[in-house]
Amino acid sequence: MKILGQISLMAAIAAISCARPPGGELPTDLSNGAAQSGRYQASGIIAASIPEIADALDAGTTTSEQLVVSYIERIGQIDWSGPTLQSVLTVNPNAINDARASDARRAAGSELGPLDGVPLLLKDNIESADPMPTTAGALALKENTTGRDSPLVAGLRAQGAIILGKTNLSQWANFRSNGSMSGWSALGGQVKNPHILDRNPCGSSSGSGAAIAASLAAGAVGTETNGSISCPSAINGIVGFKPTVGLVSQQFIVPISPSQDTAGPMTKTVAGAAMMLNAMASGSAKKNYFAELDANSLAGKRIGVARFDQGSNPDVIATFNNALKELEGAGATLVEIEKFEPVLDGFWDKSGKLLRYEFKPSINDYLANAAPAVSTRSLDALIEFNKSHADVELALFDQGIFEDSAKLEGLDSGEYIELRDAVQKATRQDGIDKLLADNRLDFVVSPTAPLAPPVDAVNGDVWPEWAGSGWLAAIAGYPHLTVPMGAVEGLPAGLSFIGGKDADALILSVGYAYEQRSKKRVAPAYLPTAAAAPLIAAAMARKL
């Protein structure tokens with residue numbers, strides 16, 4: 001492991017903080033694509049999973065301080081310079097001292113838990129007591145340093161985890177405009193996908209997904225309202241778990257929707273996600289998720305195959321079919337489900353309006369209790385702030401969702417209550433619950449997302465036909481795990497495991513069993529474009 005020599009560690013943080021290029025453009029040394037990409041590959045302990053890192057700490061083959069320094073160096077080398085992934089917004093100035101304290105505990109035989117000394121990143125809509133702001137990527141919250149640990153961070157810290165820093169995200173968790181760009185924030189710029197740098201990293205936990213794929217920390221915490229853990233995890237080729245809503249407290253997290261919001265772990269392996277969830281969870285249904293992992297748990301399970309959400313890309317479907325063979329080979333029975341539609345007219349308009357209703361009072365309450373330095377204390381004030389800073393905030397897309405939400409009544413309105421009840425019934429009783437019961441299923445699988453398209457700053461997000469049933473789990477508030485199932489032309493694809501309410505332990509265990517058989521996670525190649533991949537480059541070259 002590369003360790004800093006005579007330079008002081010705090011000076012190293014200061015030096016890295018100055019290393020971010022002002023424009024974030026791709027450096028010219030990436031022009032030859034594949035020839036340069038290999039130098040950015042992670043190796044050694046920082047490329048390892050959370051369980052492997054915890055074992056190395058236990059064995060004394062590394063220390064927490066060495067890990068923190070190595071990750072900080074790597075952030076400087078490939079996130080704030082080099083390929084400039086722009087996935088990490090802030091490095092915690094307390095991280096090295098916290099790591100030293102962890103090493104001292106371990107030397108004294110008084111570790112706090114399995115995560116003691118393990119460096120983790122937080123999506124920058126999650127508060128921690130460290131001297132870092134919680135910004136949601138927005139200029140209005142640039143000074144939002146609250147000094148509060150969200151309960152999930154307190155849980156991680158109680159096990160000795162090191163909060164390494166904060167990750168970039170789709171601003172306001174991708175809930176500002178229908179024309180938004182996934183992975184862009186006013187403060188952090190555009191997150192890049194480490195597999196192919198001009199490709200969409202998906203949102204809103206884009207920085208968390210890219211950072212873990214690129215080995216910038218052992219694990220990260222993301223948040224999801226609809227797809228914001230699952231999609232960036234799949235697109236960046238890692239594991240992501242969205243728990244049942246309520247299992248992880250949402251206190252001191254910049255909100256969108258109390259009925260759908262949840263935080264969850266984003267890691268390289270299912271076991272690492274289970275270890276993180278053990279520390280993060282505080283709901284009444286909490287279990288020991290790591291202890292319940294079973295590599296044989298697929299045997300005897302009946303699995304619903306969501307053909308209605310497999311999309312139309314033949315390569316994604318072929319990858320999905322290969323994953324199904326693995327599930328069947330592990331002793332599961334597959335049940336094909338060709339059709340499913342929500343039993344609610346105008347479902348998508350109604351589910352969208354439900355979120356707009358919930359956002360206004362939720363964000364008003366959060367802003368009213370933000371740090372004293374924050375001047376915007378309501379959604380109306382936030383809208384006006386963005387107008388007065390339009391050159392930064394509105395340079396790429398509008399704030400139409402904010403403006404729509406500001407016009408709606410409170411959560412005691414009859415329309416809101418009717419929308420909430422109807423949308424939840426369509427995805428719960430008439431949705432996942434019905435699919436499971438009618439077909440005698442244990443859970444449902446589908447692709448997680450389509451393959452990542454290029455980032456498009458002119459048109460906003462332009463995705464292929466969607467693949468994946470994560471929307472159903474998100475709106476129902478039910479658990480959803482995505483596990484790598486391979487890659488197509490260098491772009492990762494994920495396999496989704498979706499279960500009923502509080503089936504978190506089951507979903508993690510069957511995902512773990514698939515992962516142990518398949519081992520389909522691929523390392524990022526850091527190619528500038530898909531055209532730099534050898535096979536594609538050869539095919540696109542002039543032959544005459």
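This is a predicted model: local features need pLDDT of at least 70, side-chain atom pairs count only at pLDDT 80 or more; totals for chains, interfaces and linings use all residues.
A search of the whole structure turns up one disulfide. It joins Cys202 to Cys231, with the sulfur atoms 1.9 Å apart. The link of Cys202 and Cys231 is right-handed, at 105 degrees about the S-S bond. Cys202 sits in the loop between strand E5 (189-190) and helix H8 (206-213), while Cys231 belongs to helix H9 (residues 230-236), so the bond ties together parts that are 29 residues apart in sequence. Both Cys202 and Cys231 are buried.

In soluble globular proteins, nonpolar side chains tend to be buried together. Here the largest nonpolar core has 106 residues, and Leu152, Val445 and Phe497 have the most contacts inside it. Helix H10 (residues 270-280) provides the largest share of this core, nine residues. Beyond its neighbours within four places in sequence, Leu152 is in contact with residues including Ile126, Val221, Val248, Ile253 and Met280. Another core, of 26 residues, lies apart from that one; among its members are Val335, Leu435, Val444 and Ala473.

The largest pocket holds about 1100 Å³ of space. Its lining has 34 residues, of which Asn174, Asn178, Asn226, Gly227 and Trp348 are the closest to the centre. Helix H7 (171-174), H9, helix H12 (347-368) and helix H17 (470-476) each supply at least two lining residues, and H12 gives the most, with six. By class, this lining has twelve nonpolar, 18 polar and four charged residues.

The second largest pocket has a volume of about 300 Å³. Gln250, Ile253, Pro255, Asp365 and Tyr366 are the closest to its centre among the 15 residues that line it. Seven residues of that lining are nonpolar, five polar and three charged.

Notes:
Residues are numbered from 1 along each chain as its sequence is written. Side-chain values use heavy atoms; hydrogens and water are left out. A disulfide is a pair of cysteine sulfur atoms within 2.5 Å. Helices (H or I, at least four residues) and strands (E, at least two) are DSSP runs, numbered from the N terminus. Buried means under 20% relative accessible area, exposed over 50%, partly exposed in between (1.4 Å probe, protein chains only). A nonpolar core is a set of buried Ala, Val, Leu, Ile, Met, Phe, Trp, Tyr and Cys residues joined through side-chain atoms within 4.5 Å. Contact means heavy atoms within 4.5 Å. On a 1 Å grid over the protein atoms alone, a cavity is a set of points where a 1.4 Å probe fits but cannot get out, and a pocket is an open set with protein on both sides within 12 Å along at least five of seven lines; lining residues have an atom within 4 Å of a point. Grid points are joined across faces, edges and corners, and a volume is the space filled by probe spheres set on the points. Ala, Val, Leu, Ile, Met, Phe, Trp, Tyr, Cys and Pro count as nonpolar, Asp, Glu, Lys and Arg as charged, and the others, Gly among them, as polar.
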